[in-house]
Protein chains: 2
Amino acid sequence: MQIAELEQRTGVNRHTLRYYEKAGLLQEVERRGNNYRDYPEKAVERVAMVRQLKALGFSLREIREVLDALRSDSIDCEQGAVLMAEKKAAVDDKIRELKQVSALLGREQQRLEDSAAALREEGRCKG
Amino acid sequence: MQIAELEQRTGVNRHTLRYYEKAGLLQEVERRGNNYRDYPEKAVERVAMVRQLKALGFSLREIREVLDALRSDSIDCEQGAVLMAEKKAAVDDKIRELKQVSALLGREQQRLEDSAAALREEGRCKG
DNA sequence: CTAAAGGGTAGAGTATGCTCTAAGGTCAAC
DNA sequence: GTTGACCTTAGAGCATACTCTACCCTTTAG
């Protein structure tokens, strides 16, 4: 598919798509005779993954490392497994931290709701 | 405490600390007669929270919103509870997505380990 | 053939988040 | 009272990740 279609299907600016390609995030981009890019179907999924990981706080560099490992038919299996385990550990750390933040926010929400309820009885928010 | 101590205790550059203050992330910074900043003990914790949320993919703007809500003795309780619920929902979404990524990485790790095991029997990594 | 739509590259510009430099004020120790 | 460690502000500089502009080529439709 051409860049316009990928742009439309992923919602990612074509300039950004070319930027990602330069950054090594999209490696299986063919060129037609006219030098136009020809993206495989998988590119849609791949771009989505990039955006998802980005939103989760990974830098393009880190995303590239993950994607490289996922695409590693070429590299050593043991080495790939180790890299994968490392990335997974980083993600799991992030999950643990986010759970703590979630719990904190949940407690705070509860506190404010309780205060709001008390307010309906008395008259002022006590924080 | 003075900026050097906060810098040392948080590991965050003093320029960055002043930048955070300008960005509204540190609001309870007093000034002494000599115009030196005087941070309360709580600032250590607060800076740590900023760094944690940053590492988890939040922009300074978002972090500010969360911290503002957490510090909201002034704003309306119901409103605060709603804001808190929104932030928590965003965090929980992030957790769900990260779990998917973690699962994907885990499967990939397994696949590579299996390949590595097969390799030890046969001869080449089949990805 | 030509216009319009779409593609290419190179490089400039922007937003965010630092990080550092310059120039100068404050303070404790000698 | 001067040195050195600490503080101040303003603003420059830098890395990352886009986002856009300029300019030119290709394809398609009339």
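Two residues are in contact if their C-beta atoms, placed from the backbone, lie within 7 Å. This is a predicted model, in which local features need pLDDT of at least 70 and side-chain atom pairs count only at pLDDT 80 or more, while totals for chains, interfaces and linings use all residues. Residues are numbered from 1 along each chain as its sequence is written, with chains lettered from A and ligands numbered from 1 in the order in which they are written.

**View 1. The side of chain B that touches chain A.** Contacts link 37 residues of chain B with 37 residues of chain A. On chain B, α3 (42–55) and α5 (77–121) each supply at least two residues of this side; helices are DSSP runs of H or I, at least four residues, numbered from the N terminus. The most comes from α5(B), with 26 residues. By class there are 17 nonpolar, 9 polar and 11 charged residues (nonpolar: Ala, Val, Leu, Ile, Met, Phe, Trp, Tyr, Cys and Pro; charged: Asp, Glu, Lys and Arg; polar: the others, Gly among them).

**View 2. The surface near DNA strand C.** DNA strand C is surrounded by 17 residues, the closest being A4(A), R37(A), H15(B), N34(B) and S59(B); near means a C-beta atom, placed from the backbone, within 6 Å. At least two residues each come from α1 (3–10) of chain A and from α2 (14–22) and α4 (60–70) of chain B. With 3 residues, α2(B) gives the most. The classes here are 5 nonpolar, 8 polar and 4 charged.
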